[in-house]
Structures are given as C-alpha cells and as structure tokens.
Number of protein chains: 2
Amino acid sequence: MYRLQSLAARSLIAGALDQCSPLTLTSLTGVRHKSQGPSVEKCGQMRFITAEAKASAGRLEGKLREKTLTLDTLNPQVKAVEYAVRGPIVIKAGEIERYLEEVVALCTFPELMDSPSFPEDAKRRARRILQGCGGHSLGSYSASPGVECIRKDIAAYIEQRDEGVPSDWENVYLTTGASDGIMTILRLLVSGKDSSRTGVMIPIPQYPLYSAAISEMDAVQVNYYLDEDNCWALDINELHRSYQAAKQHCQPRVICIINPGNPTGQVQSKKCIEEVLHFAYEENLFVMSDEVYQDNVYAPDCQFHSFKKVLYEMGPEYFNSVELVSFHSTSKGYTGECGFRGGYMEVINMDPEVKAQMVKLLSVRLCPPLAGQAAMDVIVNPPQPEEHTFKQFHQEKSSVLGALAEKAKLTEKILNAVPGIKCNPVQGAMYAFPRIFIPPKAVEEAKALGMQPDMLYCLRLLEETGICVVPGSGFGQKDGTYHFRMTILPSIEKLKVLLGKVRDFHIGFLKEYSGLE
Amino acid sequence: MYRLQSLAARSLIAGALDQCSPLTLTSLTGVRHKSQGPSVEKCGQMRFITAEAKASAGRLEGKLREKTLTLDTLNPQVKAVEYAVRGPIVIKAGEIERYLEEVVALCTFPELMDSPSFPEDAKRRARRILQGCGGHSLGSYSASPGVECIRKDIAAYIEQRDEGVPSDWENVYLTTGASDGIMTILRLLVSGKDSSRTGVMIPIPQYPLYSAAISEMDAVQVNYYLDEDNCWALDINELHRSYQAAKQHCQPRVICIINPGNPTGQVQSKKCIEEVLHFAYEENLFVMSDEVYQDNVYAPDCQFHSFKKVLYEMGPEYFNSVELVSFHSTSKGYTGECGFRGGYMEVINMDPEVKAQMVKLLSVRLCPPLAGQAAMDVIVNPPQPEEHTFKQFHQEKSSVLGALAEKAKLTEKILNAVPGIKCNPVQGAMYAFPRIFIPPKAVEEAKALGMQPDMLYCLRLLEETGICVVPGSGFGQKDGTYHFRMTILPSIEKLKVLLGKVRDFHIGFLKEYSGLE
C-alpha cells in the first residue's frame, strides 16, 4: 500500500485517471484504436512523476516572489470544477471511416477533386460543402452558426430521423463538439446570486461535463437520481421530489437529460420522455436533451426516441411552447470521429430576442472548426441507395452496431457472474456502469487516505492489472453505493480477457478486505 | 433617412454588421477570398428582414405561453457582452496554402501517403503528426493540452523566434484559435464580487473579444488608452493612471496587451515592452500577451519583439517571476487559416497547482480540433532549406508580406489625403483604424436615433457604397473621437477603388451635415 498512500497524497490523482482512463482501456486491447499514451501504467506513473516534479519546481519558484495567480486567488469556480473522465473512445470501420475521411480530405485539399482515386460520391459531397464555405475553403471562417448548407443537411437529417416532424435549418447551430453547445446554452440560462441562483437539474449518475459547467458558472446542481433497480430509468416522481426540494434554495430553470445515458447506458421509453416533457411544461423548465448516443442503441426492446419528436406528438400546445435544445456530435455513433470536434444543436421555441443574444455569444468564438462541420455533414448525410458506397456503408454500420450490441450483452453477462458486482443491461451508449460491493474495511481504509472508496478500488485495479476504469464517484451515485464506468469498445476477444482480469481482481479485493485471507 | 431610422429601431444592427463586416470588404473586391455571404447590401438587408420576421414570430409565440428564457431572465452577463466584429480575413498564396492543406489532407486521409502526387516533405510532416496522434488518426481525441509532438514543434519554433530563449514544451497548450486560450486564462483569473472584483486592464481601442469576455465573466474592464497622437503607442504613464484609478473600485490583477495591435496596428518597441513588464512586476499583475499578428509587421522601422524574449533579457529576477501567457493562432500571419481554429498559448511562471487546475479546465472541453493542431504544426514548422518547397515557400511568404506592407502604406496615404480623416501608419496587423471627423449635426442626429455617431456613419457608408467597415465604438475610443476599422487585405487595385469610394462618401457626408449643400 505504500505507493498508493503516496499517490493519494497528491491532488492530481483524479486528473491522471482522467487523462488516460477509458482511452487506455482500448489502447490495452491492441485493436486499431483512437487512444493516446503508451500503456496505462506508464501513463499513470508518468503523470504522477510529472506532477511531483512540477510541485517541487513550484516550491522553488515560490521562494522568489509571490504569484499573482495562486490556488488562493484562483477563481473559486474553477477549483469547484470536477471532471472525472477525459472523453470516450471510438470504434472504427474501414469503409465508414474511409468515406468520411475522403470527403474531409477533398474539402481540405480541393486539388484532389482531379484525382481519379476518389469516388464520385465523395467528390459530390465535398464540392457541395465547399460551395457553402467562404472562399470555397475549409481554411475560412464560416458564419458563426455554421455553414448554411450543412445546417440544411442537418435539418433534413432530423426530419428524416423524426419521420417528418419539421425541422427549420435556422434553428440548427453547429458547435465545437456537443460540449461547446451545452456550455453555451447553460451560460444563457445561469444567472442570479444567492436565493435566486439558477438550479440546473441533472441526472445522477451524469456525464461530468454537466457538474463541471455548473461549478464553473456558479449555478446550483439539482440532482435527480436515476433508478438503478429499474435499469437506470428516469422516474417522474423522483423529478418532482428533486424539483420541490431544490425550490427551497434556488430557482430550478432547466432540466438536462442524457438519452441514451452516459455513464448508465439506459434508453428512455417514449412514455418516460412524455412525462419529462409534461413536467417541464408544467414547471416552465427549459429542456436540454443530450442525444449524442442516438445511434448507439443495442437492447432489442429499446428504441431511440428524440425529445423533439415526442414533443411534437404531444400536440401543438406542447410543441409550440416547450423550450428544447437537443445536442448531437461527430464523436459517438458508429463513426466516433471525436478529434474533429464536430457537433450541432437544434433549438426549439427559443425566444427570438434570446436567440439573437445567443448568436452574439457564438460569434465571440468566431465559428466552429470547419473540418468538424464537414465531418458532421458526412455523418448526417450518409451514402444514398443510388451511390456506389451505399451497400458497403450500411453493411459496416450494421456490423459495427451489431458488434457493440454483442459486447454490451457480453459485458453485462460476465460482470453479473462476479460475486459483489451487479451490472444493469447496457441498453445503449458505450459504457457499462456496474455497481460494486466494497467491504467496510476497504471503505475505512479509503477514508483514512482521504479518498473515495471507489477511487481506492479503481487505483488498485489499475496498479494490479493495468486496467483503467473511472470511479463512479466522478459521475455521482447514491450515498453508500459504489460503481465504476468502463467502455464496451474493445474487441470481443480482448473484452473477455479484460473482464476476466476484472473478475479475478474483484474476488481478490473482496478476500483481502473481508479478512478471508 | 427613412430606412436608416427603421433600421436603428432594431437591436440587431450591430450583430448584422458583425456578421458581414470586414469579411465582405474582401468579398466586394472579388479577389480569391475567405469570406461569406453574397454582397454587403444583400447580407445586411437579409439579416434585418430576418430579425424583423423573427421578432414578429416571437410576439405571436409569446401569446401562447410565458418563456422560461426571455430577455428578462437571460443571464445578464450575456446581455452585457458586446462584440462589434466578426473576425478578420485572410490572405492567401498558392504554394503556402497548398503546402498546409497537403499536410492536413494527408493527416485526414492517410491512404494518400501512397499517392505519388504528394511531395515527400509534406508526407514526412504528416507522418510525424499522425505518429503523435491517438490511433494515428486526426479522428481521435488528443490529450487535452494537445498532441505532444506538436507542442514540441511549437516550443522549438518559439526558441528559434526568440533567438535561443528556452521554451519548455510542457508550457505550451494547443487551443481552439487564440480566443479559446484567452477565455481560459481569464476564467482562471476572474473571481470575487463587489469591491474585490477582478480588474482586467485592456487597451482602448481593443479587440472586442476582451470586452466581451470581461462582460460575460462579470469582471471589471479597466481601460488604458493608447496614444493616438503617437501612432497608438502604449504610454507607461497612462498605465499607471489607469491602474491607480481602478484600484479605487476593483482589484486589477491582469494586464492584456495586443501586439501588434488590433484594431490599431501599432507595433510595440522593445523599450515599451520593458516598461510594461516592469510595471507588471511592480504591481504583481498577470500578463496576457496577444501576439497573433507577430508575423504581420510592415513598417521598416518596426520589429516584433515577443514579451517573453524581452522578459528574458530583463534578467532572471523578471524572467523567473512575472506570470506571462502569450497567444498565437493559425488565423493570421501569412497563412490566414482561420477555419481550422488552431492556436496555442505558452504559459510562463504559472503556479504549478494553478496549472493543474487549468489542465482540468481544458480537459472539460476534451481537446482542441486535431486538424487545427495539425495546421498549427505546419505553420510553426515551415519548409526547411533542404526541402524542395523551401524556396518557393519563402518567396511567397515575402511576397504576401511585401504586398501587405504596400497596402498598409497605400491605405494610410489615401486616407490621409481626405479632409476630415486622419490615419496613423499601419505598422502591423491587418487593419487601418482612421479617425474620422463627424460634424456636430450628424452627432446630434445619431443621438436622436439612439445610436453612436460612428455607427450612423458606417451604416450610411454601407448603404451608399456597399462598403462594410466596423465603427470605432465597437473597439472603444476616447470620448468625442470617432473611427472605423477596415482591413488592408483586398488587392491593391481593389483597395484603390474602395478607398476612392470612402473618400467620396466622406466628402459628401461632411457637406451634407455641415450645411454646405
């Protein structure tokens, strides 16, 4: 335990985990991956050493002169930010990746249009995108809301996805990944001090972008707990409870939904979405619907329903009034092109004057990266039946999503066979979020070290197996329960090996701390 | 004046100007450009109409139900944001653009490595960048601070630029354009309420990202005025005055410098920089040095000195203590690749614990776009003497910068020949910021319309000539003085035509409002 204790003394532990966490899980597996860093252990250790070296350099520097910016004078909202995870990974399929990259490469270096080795489909798409770009170049700024023809393609995609529910392209705004859109909308909503502070309702467990943004903006985090005993479903009674409790000390103004859920993987039923929207309507809440995993649904009895479509089907009284923003991204789905930082948001029923203010705010950041906008276009505008890539593209899409479904099932099954681990079905998204039993002695030991029990567990797992998962405490969980998040992205063979190691580790951990050794 | 009055009644005017402003100046000229929108007048009108239509739609919607998010409930910090300009433009040279785009295209679609039509230089660079990327792909997330080998290339570039002053790559952070870095650093610094609020010293005139960020973060904008009578130089006595005055009501903690200046184009002397750094040292101010125009220096008696190099030359007492962040970008220089949203910041003497907090904040945004990181690498790592593109690259670089120098001179000369316009030499950056005389009758008329006099002037210029420039009031100016900002980017022939139109308009405007008609 010596190393663990010395590690625990340093504040960068969470950060180190963040940097390599789910990414390295794939890296470990050796599949063609989108990860970073050499190996988990190396990654972790390197960062610890670096942190230590820097801290000691800092002490030397500190002798010279008082800093203007120190931990004491740092914006306290920054200190309050917690961010347990550094971004999910990515699955690849040759043709899908190739197609997207072809189009983006053609846009980046248009001389390639003359090359016979690029398919006509890809050239047609690239030409269309470039025609919409200033100077016909990805090197130009676009309008702040994004390239017009891409906004139109996205609106067409949404209409098709939602079986004809109208989508106005002027309501579509390109973003730098979904995160940027979420931050922008929260910034519009958050205001007020003390008792009039803005309450932001978020699910627990949640993707920590939300808690981080809420801390940074000094809003009030209003937790509603997902029901672990019911496959992490959202329970409308819990929403009411959470809202009423929050009203005592803040002004709840917005409800955030993640569907399919991250880290929980649940897929909301249509009935559940109706209840949420009705609740938002009644309580005058602004709705933010994070739908970045809309293509990642695996459970046969589940289906993705967009909040917008359900709102439409509830009738004009709802559809013309509930303020709703939904988010999507290039980083997930079956492409996983996260490095492009592409994304969009569709904004419904926003006050036109507020929309003008939002465009102003977006314009301060000039525009989202053009390559990300182009990647978003390719994703919402996949090969059509008359195009020669159509068949292969759709075969690969099915194969990628089919494999993910299989891995989701496999992960659930193997984990549930381990005593002291309970894993809900992974209905969608890219993660399992199993509950783990941590013996009281381990809980005590963690407390003595000043860390969360699941952090202790995950650090031990990392040290002993090289497997890096993110502790549940970074996402939020009911008091006294412990979890970790792991991706289901490695290949089936690797996943089996990996889950076997998790099982062996867990059994050993239980033994060690239950005094059974 | 009817149309003008009706326009003035709408709040979106500034926004409309922002959207098309300097961009359309180039678009007008018909050069190979990086702009958007069809023509100035069309652009302006379309937006006005849209705004009106939306406002009326809003009134209809408003009848149905009260919005959660209205102008009344909007975060007041968002309302306070002003942003007079939507991004500068761009100059292009065939080979330089080609080279950058080749490398980025190779990174985007690595199969092109096999293509004989790409030069070996470009392939070598692309391979190196991809080796640093997770999964050897631009489609992956990178580490939040950016790809390691790109950070190293940037550090090497800085060392070379600063003639050997050491640069540690771990102090270099990739950003989404320079704007993102500036916002991140300000967010660390801004905290406190009421009398302990953070004062942020900025030049007036300034690039409105600064005032917008300060509003959004609820910091106190502390103005120091550049000396128009002395080529917009920074006067150290004015810094002292501004600082002392600010101390009465806030806590000035940071000084922002733009060198070369935007919109003013001045290039700071070494002596001036020493004075600023000494002042920052004495008053314990954090220094933010916006050096995005470091390659854009035209005046023969001027030279770019980086704040870091000057700090180094002031000796270890300064170099080891003053907290300095400098910013650079892919969007300016001789490449102008703004659509990639590439940029970096170098952070000196930051408290290591604060740096860890900053990395946490950066990690919430996951990572800057990979294509922008790759573009930044190409810019800091231009062709070397042994590479076949070296000669042509450097010829073009000289030619682009030489043409800009000629246009800077030409703009100054033509404007100064107009009665009632006075233009300082454009020593650097990409803009002229001439002072314009506005007759008292026009000032009165503008006030009656509830708009700034230079806004009235610029709107009239737009209506009568189709030329779109940004009013000085968007950048800040001394009370009672009026200016506009225009780019010097159009070709010489077009610039002459354009400046001729400005002259004719100005003379007519003076006549009309001086009762000389």
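**Entry 1**

I began with Val470(B), which stands opposite Arg485(B) in strand 12 of chain B. Before going on I noted that this is a predicted model, in which local features need pLDDT of at least 70 and side-chain atom pairs count only at pLDDT 80 or more, while totals for chains, interfaces and linings use all residues. I also noted that residues are numbered from 1 along each chain as its sequence is written, that chains are lettered from A and ligands numbered from 1 in the order in which they are written, and that side-chain values use heavy atoms, with hydrogens and water left out.

Back in the sheet, I found strand 11 of chain B paired with strand 12 (residues 484-487) of chain B in the antiparallel sense, over two bridges. For strands to pair, DSSP must find at least two bridges between them. Helices (H or I, at least four residues) and strands (E, at least two) are DSSP runs, numbered from the N terminus. The sheet is open, has three strands in the order 9-12-11 (chain B), and is antiparallel. Strand 9 (431-432) and strand 11 (470-471) of chain B are its edge strands, each pairing on one side only.

I then looked at Arg485(B) again and saw that it lies over the face of Tyr431(B), at 3.7 Å from the ring centre. For such a contact, NZ of Lys or CZ of Arg must be within 6 Å of the ring centre and within 35 degrees of the ring normal. Chain A has a contact of this kind too: Arg151(A) lies over the face of Tyr173(A), at 5.2 Å from the ring centre.

**Entry 2: salt bridges**

How many salt bridges are there over all chains? My search of the whole structure gave 48 (a side-chain nitrogen of Lys or Arg within 4 Å of a carboxyl oxygen of Asp or Glu). I picked Glu111(B) with Arg98(A), whose closest N and O atoms are 2.5 Å apart. This pair crosses between chains, from the loop between helix 5 (94-108) and helix 6 (120-132) of chain B to helix 5 (residues 94-108) of chain A.

Next came Arg128(A) and Asp153(A), which meet in a salt bridge at 2.5 Å, N to O. They sit 25 residues apart, in helix 6 (residues 120-132) and helix 7 (residues 148-161) of chain A. Is Asp153(A) buried or exposed? Asp153(A) counts as buried because its relative accessibility is 10%, whereas Arg128(A) is partly exposed at 35%. Buried means under 20% relative accessible area, exposed over 50%, partly exposed in between (1.4 Å probe, protein chains only).

I also jotted down a network of salt bridges linking Arg187(A), Glu216(A), Arg365(A), Arg187(B), Glu216(B) and Arg365(B).

**Entry 3: aromatic rings**

I counted 28 aromatic pairs over all chains. Rings of Phe, Tyr and Trp (its six-membered ring) pair if their centres lie within 6.5 Å; planes under 30 degrees apart count as stacked, over 60 as edge-to-face and the rest as tilted. Tyr457(B) and Phe509(B) have ring centres 5.0 Å apart and planes at 75°, so they are edge-to-face. Tyr457(B) is in helix 18 (residues 453-465) and Phe509(B) in helix 19 (residues 492-513) of chain B, so the pair ties together parts 52 residues apart in sequence. Both residues are buried.
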